[in-house]
Amino acid sequence: MNYNWLEHWEQNHLPFHLNSVNSLLEKYWPRLGILPGAPVLVPLCGKSQDLLYLAEQGLQVIGVELSQLACESFFIENDLAFNKQEICGFTRYYNNQIELFCGDFFTLPENMLPAITAVYDRAALVALPETLRLRYALQLTKLMTQDSQMLLIVYDSSDRVEGPPYSVSYLEITQLYGTHFKIKEQERIYKPSEELSQHLRDKGYNEMYKVIYSFKKQTTHTL
């Protein structure tokens, strides 16, 4: 996990947080055809409004987040009642449709989750340095069932920038996930400097592509 992630939350320095539902989620999630009631996993979820959108689609929303402040803020700021439970080294914040596990995603046990049939990753992979991205992909793959689907949004830039957010190329995506998933690039949106947020320009990005991928986990055959 990023070394100063908790500090960002404590100082309320949240340039990665959106105050509205991500428009790309609204555009592309319905195309996956995920049925109501299906469990959808949102790793490194923060207090994203996207959690509410997924719940409104009738899905069972499961977020994982390192910051206790983020988990509590999500429920309180959205005026949602919640319960709290300590389980397997995690704090579980939950109501009937949304549950957030507060703790280290890399240590999340499979038996704490239902069979995960869908994943939404807007800000998880790009929040991790290259040294952690393979470990993250392996953990996520392990948690997903066969034929499960994922919507992934990343940044792709030739600028050499020390994130987060980090740039993740198509080549790296295929190296991380190509063995277990059928990958489809849905859209690649060019963002020149004048369309980037001040946070991204301050990081050193001059231009980038925002790329949306859909994944479907394939059955792995062994001899």
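1. Helices (H or I, at least four residues) and strands (E, at least two) are DSSP runs, numbered from the N terminus. Going by that, the protein has 7 helices and 9 strands. With a radius of gyration of 17 Å, close to the 17 Å from the globule rule for 223 residues, the protein is as compact as a globular protein of that length. That radius is taken over C-alpha atoms, and the rule is 2.2 Å times the number of residues to the power 0.38.

2. Before you go further, a word on what you're looking at. This is a predicted model, where local features need pLDDT of at least 70 and side-chain atom pairs count only at pLDDT 80 or more, while totals for chains, interfaces and linings use all residues. Residues are numbered from 1 along each chain as its sequence is written, and side-chain values use heavy atoms, with hydrogens and water left out.

3. Now the overall picture. Along the principal axes, the C-alpha atoms fill a box of roughly 50 × 45 × 30 Å. Of the 223 residues, 50% count as buried; buried means under 20% relative accessible area, exposed over 50%, and partly exposed in between (1.4 Å probe, protein chains only). Take contacts (heavy atoms within 4.5 Å) between residues at least 6 apart in sequence: 69% of them join residues at least 24 apart.

4. Next, look at strand S9 (residues 207-217). Strand S7 (residues 144-156) runs antiparallel to S9, with 8 bridges joining them, and two strands pair if DSSP finds at least two bridges between them. Ile153 stands opposite Ile212 in S9. Strand S8 (residues 181-192) is also antiparallel to S9, joined by 11 bridges, and Lys191 has Met208 in S9 as its bridge partner.

5. Is Glu185 buried or partly exposed? At 34% relative accessibility, Glu185 counts as partly exposed. Leaving out residues up to four places away in sequence, Glu185 touches Tyr170, Val211, Ile212 and Tyr213. Leu152 is 33 residues from Glu185 along the chain, and their C-alpha atoms are separated by 9.5 Å.

6. The peptide bond from Gly163 to Pro164 is cis, with omega near 5°. The bond from Pro164 to Pro165 is cis too, with omega near 0°.

7. Over to the hairpin. Strand S3 (residues 83-87) and strand S4 (residues 90-94) run antiparallel and are joined by 5 bridges, with Glu86 opposite Thr91 in S4. There are 2 residues between the strands of this hairpin, and Cys88 takes a positive phi near 50°.

8. Two other residues deserve a backbone check. Leu44, in the loop between strand S1 (39-43) and helix H3 (50-56), has a positive phi of about 50° although it is not a glycine. Asp79, in the loop between H4 and S3, has phi near 55°, again a positive value in a residue other than glycine.

9. Finally, find Ala70 in helix H4 (residues 68-77). Ala70 counts as buried because its relative accessibility is 0%. Ala70 and Gln146 are 76 residues apart in sequence and 31 Å apart in space, C-alpha to C-alpha.
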